[in-house]
Amino acid sequence: MKKVKKILIFAVLILFSNNTMNAKNTTIYDYEFIDIDGNSINLSSFQGKPLLLINTASRCGFTPQYEGLQKLFTKYRSTDLTIIATTSNSFNQEYSSTEEIKKFCLANYGVGFITSKPINVKGKDAHPIYKWINEEYNKKPKWNFYKFLFDRNGYLIDSWSSITKPNSKKIINRIDNLI
């Protein structure tokens, strides 16, 4: 009986340690969201590729950064860099409908990179991606157009505030070192 008890305790400890290890090995590739067209985007399909994640809004003073993001997209289109804009009204500067957002982004900036339907990027209702970034890296968007760069293993390697433009040397150099 003692032997069975020891085996059960050992099995529980192994299961617990595996769950703990899995939580620590979470990467950006473990998340998904819905794109602006209503399609599910599972980030595991970008496994092994660097990702640039940006929370965006259409009616913000930093909105012209869409132009810089589109230029990055065009510049790195032939590489495996993936650019993802997560539209958000967390700072009260995004349109309420995906159709308005889509029309705005296409008409004004010709956006070709992946764009999400609006998600929350802060607070208790934040999308799981942004909760994970905050919990794992102690980083969160303080405003629209925060930029997060993930390496080929899905781990955050750098982030920049709204003030840093997408085509800044800081961002370009970090991307060039990844690809």
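Reader: What covers the buried residues of α5?
Author: This is a predicted model, where local features need pLDDT of at least 70, side-chain atom pairs count only at pLDDT 80 or more, and totals for chains, interfaces and linings use all residues. Residues are numbered from 1 along each chain, and side-chain values use heavy atoms, without hydrogens and water. Helices (H or I, at least four residues) and strands (E, at least two) are DSSP runs, numbered from the N terminus. Contact means heavy atoms within 4.5 Å, and the cover includes β3 (51–56), α2 (65–75), β6 (147–150) and β7 (156–160).

Reader: Which residues of α5 are buried?
Author: Buried means under 20% relative accessible area, exposed over 50%, partly exposed in between (1.4 Å probe, protein chains only). In α5 (residues 169–178), the buried ones are Ile171, Ile172, Ile175 and Leu178.

Reader: Which exposed residues does the face turned away carry?
Author: This face of α5 points away from the buried side. Its exposed residues are Lys169, Lys170 and Asn177.

Reader: How many residues has the largest nonpolar core?
Author: A nonpolar core is a set of buried Ala, Val, Leu, Ile, Met, Phe, Trp, Tyr and Cys residues joined through side-chain atoms within 4.5 Å. Those with the most contacts inside the largest one include Tyr66 and Ile175. Its count is 23 residues.
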